[in-house]
Amino acid sequence: MKKIEAVIRTEKLEDLKMKFADETLITGMTVSQVLGFGEQKGFKEYVRGKAVQPMLLAKVKIEVVCQDANVDAIVEEIRQAVTTGEAGDGKIFIYPIEKVIKIRTAAEEKDNINGLDLTGIQIEKNK
């Protein structure tokens, strides 16, 4: 399993949610509001007549856990949904996931989350 983190423009979140709603590659995602800076460097604004350039810009971080085989397809879906071609589009990070432990039941899940395998096909739980 892999964890995909994408730090994107805040205005592109709805586009990404709509793209993921049409796909069966993921069964859920986590969204966080974050601050950061990079190539975009912020923009000049005026506060009480004085020019101010904020260093940290508001961004959104998306986290998705998926099977290794789906990583490239999900990354491409993210890129297509959020790219503007300008500095500040964001970054995508990919991490290995060893296992998932469900808090409520303490069940360890290596190949599935919430009773669904990560390609979206229903699997049977052991009773």
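Me: How do you know how much confidence the predictor places in the chain?
Reply: The pLDDT of the chain averages 81, and 80% of the residues score at least 70. Over residues 114-127, however, pLDDT stays under 50, and the model has 30 contacts there beyond four places in sequence. Where pLDDT is low, the predicted coordinates should not be read in detail.

Me: What makes up the chain in terms of helices and strands?
Reply: The chain contains two helices and ten strands. Along the sequence they follow the pattern β-α-β-β-β-β-α-β-β-β-β-β.

Me: Why is Met18 called exposed?
Reply: The relative accessibility of Met18 is 53%. The term exposed requires over 50%, so Met18 counts as exposed. This residue is found in helix H1, residues 13-21. The C-alpha atoms of Met18 and Ala81 are separated by 8.7 Å, although the two residues are 63 apart along the chain.

Me: What makes the contact between Lys17 and Glu14 a salt bridge?
Reply: The N to O distance between the side chains of Lys17 and Glu14 is 2.9 Å. A salt bridge requires a Lys or Arg side-chain nitrogen within 4 Å of a carboxyl oxygen of Asp or Glu, and therefore the pair qualifies. Both residues lie in helix H1, three residues apart, which is about one turn of the helix.

Me: Is Glu77 buried or exposed, and why?
Reply: Glu77 has a relative accessible area of 14%. Buried means under 20%, so Glu77 is buried.

Me: What makes the salt bridge between Asp89 and Arg9 a tie between parts of the chain?
Reply: The closest N and O atoms of Asp89 and Arg9 are 3.0 Å apart. Asp89 lies in the loop between helix H2 (71-82) and strand S6 (90-96), whereas Arg9 lies in strand S1 (residues 2-9), so the pair ties together parts 80 residues apart in sequence. Both Asp89 and Arg9 are buried.

Me: How many salt bridges does the whole structure hold?
Reply: A search of the whole structure finds nine. Lys3, Glu5 and Glu63 are linked in a network of salt bridges.

Me: Why is Ala87 called partly exposed?
Reply: The relative accessibility of Ala87 is 43%. This value lies between 20% and 50%, and therefore Ala87 counts as partly exposed. Ala87 is found in the loop between H2 and S6. Its C-alpha atom and that of Gly38, 49 residues apart along the chain, are separated by 8.6 Å.

Me: Which residues form a nonpolar patch on the surface?
Reply: The patch is formed by Leu35, Phe37, Met55 and Leu56, with about 460 Å² of accessible area together. Met55 is found in the loop between strand S4 (50-52) and strand S5 (57-66).

Terms used. Residues numbered from 1 in each chain as written. Heavy atoms only, no water. Patch = residues over 30% accessible without salt bridge, like charges linked within 9 Å, V, L, I, M, F, W, Y side chains within 5 Å. Areas by Shrake-Rupley, 256 points an atom, 1.4 Å probe, with all protein chains shown as cover. Helix = DSSP H or I, 4+ residues; strand = E, 2+ residues; numbered from the N terminus. Buried < 20%, exposed > 50% of the residue type's maximum accessible area, 1.4 Å probe, protein only. pLDDT = per-residue confidence, 0-100. Contact = heavy atoms within 4.5 Å.
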